[in-house]
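Morning, everyone, and thanks for coming. Let me put the structure up on the screen, and then we can walk through it together.

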Amino acid sequence: YPIHEPPLPSNSLSVNKESLQKQIDELSTFSDSPAPSVTRILYTEKDVMARRTIRQGNTSSEKFPVSVRSKTLNEPKLRRFVKNLMGLSGLSVREDAVGNIFGRWEGYEPELAAVLSGSHIDAIPHSGKYDGVVGVLGAIEAINVLKRFGFKPKKSLEVIMFTSEEPTRFGISCLGSRLLAGSEALVKALKHTVDNHNISFLDAARSAGYAKDQEDLTSVFLDEDSYSAFVELHIEQGPILEEESISIGIVTAIAAPASIKVEFKGNGGHAGAVLMPNRNDAGLAAAELALAVEKHVLEFGSIDTVGTVGIMELHPGAINSIPSKAHLQIDTRDIDESRRNIVIDKIRQSASTISKNRGVQLSEFQIVNQDPPALSEDSVIKAMESASKELNLTHKKMISRAYHDSLFMARKSPMGMIFIPCYKGYSHKPEEYSSIEDIANGVRVLALTLAKLSLS
Ligand code: GLV
Ligand code: MN
Ligand code: MN
Ligand code: MN
């Protein structure tokens, strides 16, 4: 189904690279860490600023205490934010109770299930400016591309910015898309979820203007058949496309992620006075468990099995005090779900053995999430493939080892993902980079894919 008769020449979908690069650069300034790093955490001032529409003349941030108001807010050039950009592209904007933002371009058969595209803009501490952002600003630009081309959608096209793909603040990954996918367990959990400063999820959401009036978070759940397809554009976050000089990755599956919180407790005590035979050091139990995670992952001899202890906190955190409490967060993933589940079981057994051997208490072992993998839908894969072909872009099928909101959207809609190359595969660090040429290629493939899906 060509989007135009006669079939469009491959150069007729043109991306405004300059403007897109400028938007990416501007968005990266909404950060709580210095450039080139980006830190943008859910419902903080920077996250709220990056979302909103600033009306001409409204340049203050009275909602926030003077101490945390940002100087950048008063600079008139910083007016391009997600809702604003959606509005400028002629989309009608709505937000749900947790701040998933939707922009809709009504099709000429508006009763048909829409085609959706988008990603996230939250950024883990000291990360880069492309993860997620390319899929949000890129989807808005894809709409602009289609409008400039004169395309008329049959099924409506929608752009989404998901709330909190990253687990940084509340320990919950893909919070917005998990809720959209209808997770009752998450609705329940969010009633008593707090961040590191003991601020509840609901209070944080309210301070950002969401979850008003004790709003029932089940209101976020998508109806069945809300969307006929979901497509996410994202940087690869791995080195394959760059190494092989391929422009487009067509994702066929997303690996199965899991995360675990562990806490050990011991007696602590004076680092000089308590002699070695008399200690039960919670920190050493944590160190031993971290090494056990690595061992269990490597035991399979599979390159696809990974495990990471990215958080390890010791209490009281003084050089001359034996750790009385240790808190770990463990991330483990695999494209093979059963193998990933065996790793989780082994980690649990090790935690319990270590606590017995060291005489420390295993005060918490909580599996925060243990998600199955997701498969892309053939129809969406076909649309992405023919779009790449028609645009004369080299492409290959691949697996996503990172997780994405697509993992959860796949539960509600046929799903597909478009990857673009990124420098050395770097991600989740400030060196993350994709060239505007590669981004523009991704946007063109996305635009043509959305057009095909809209007319199908
Ligand atoms: C999400 O950013 C992930 O860790 O894959
Ligand atoms: Mn990420
Ligand atoms: Mn991402
Ligand atoms: Mn991710």
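Let's begin with strands β9 and β13: β9 covers residues 256–265, and ten bridges join it to β13 in an antiparallel arrangement. If you want a pair to click on, take Ala256, whose bridge partner in β13 is Asp334. Please keep in mind that this is a predicted model.

Now, what else pairs with β13? Strand β11, residues 306–315, is joined to β13 by nine bridges, and these two also run antiparallel. Here the pair to look at is Thr308, which stands opposite Asp331 in β13.

Part of the picture here is helix α9. Its buried residues pack against β9, β11 and β13, and also against α10, which is residues 337–358. The buried set in α9 is Ala282, Gly283, Ala285, Ala286, Leu289, Ala292, Val293, His296 and Val297. If you are looking at the spacing in that list, remember that an α-helix has 3.6 residues a turn, so residues three or four places apart point the same way.

Just past the helix, have a look at Gly301, which takes a positive phi of about 65°.

Let's zoom out for a moment. The chain is divided into domain 1, made of 17–255 plus 374–455, and domain 2, which is 257–370. Over C-alpha atoms, the centres of the two domains are 33 Å apart. Where they meet, eight residues of domain 1 are in contact with seven residues of domain 2. On the domain 1 side of that contact, five residues are nonpolar, two are polar and one is charged.

For those who like to check the records, UniProt has an unreviewed entry that places the feature "domain: Peptidase M20 dimerisation" at residues 258–355. In our model that span is 38% helix and 33% strand, with its end C-alpha atoms 22 Å apart.

Which of its side chains point to the buried face?

Together β2 and β3 form a hairpin with five residues between them, and Gly99 in the turn has a positive phi of about 95°. Then there is β6, residues 157–162, joined to β3 by five bridges and also antiparallel. Ile101 turns up again in that pairing, with Met161 as its bridge partner in β6.

My last stop is Ile248, which sits in strand β8, residues 248–254. Is Ile248 buried or exposed? It has 28 other C-beta atoms within 10 Å, and 20 or more counts as buried, so Ile248 is buried. Beyond its sequence neighbours within four places, Ile248 is in contact with Ser388, Leu393, His395, Ile418, Ile420, Asn441, Gly442 and Val445. Another residue to look at is Asp438: it is 190 residues from Ile248 along the chain, yet their C-alpha atoms are separated by 8.5 Å.

Technical notes. Residues are numbered from 1 along each chain as its sequence is written. Chains are lettered from A and ligands numbered from 1 in the order in which they are written. This is a predicted model: local features need pLDDT of at least 70, side-chain atom pairs count only at pLDDT 80 or more; totals for chains, interfaces and linings use all residues. Domain bounds come from an automatic or database domain assignment. Two residues are in contact if their C-beta atoms, placed from the backbone, lie within 7 Å. Ala, Val, Leu, Ile, Met, Phe, Trp, Tyr, Cys and Pro count as nonpolar, Asp, Glu, Lys and Arg as charged, and the others, Gly among them, as polar. Two strands pair if DSSP finds at least two bridges between them. Helices (H or I, at least four residues) and strands (E, at least two) are DSSP runs, numbered from the N terminus. A residue is buried if 20 or more other C-beta atoms lie within 10 Å of its own, exposed if 12 or fewer, and partly exposed in between; C-beta atoms are placed from the backbone. UniProt positions are given in the numbering used here, feature names are shortened, and annotations may be inferred rather than shown by experiment.
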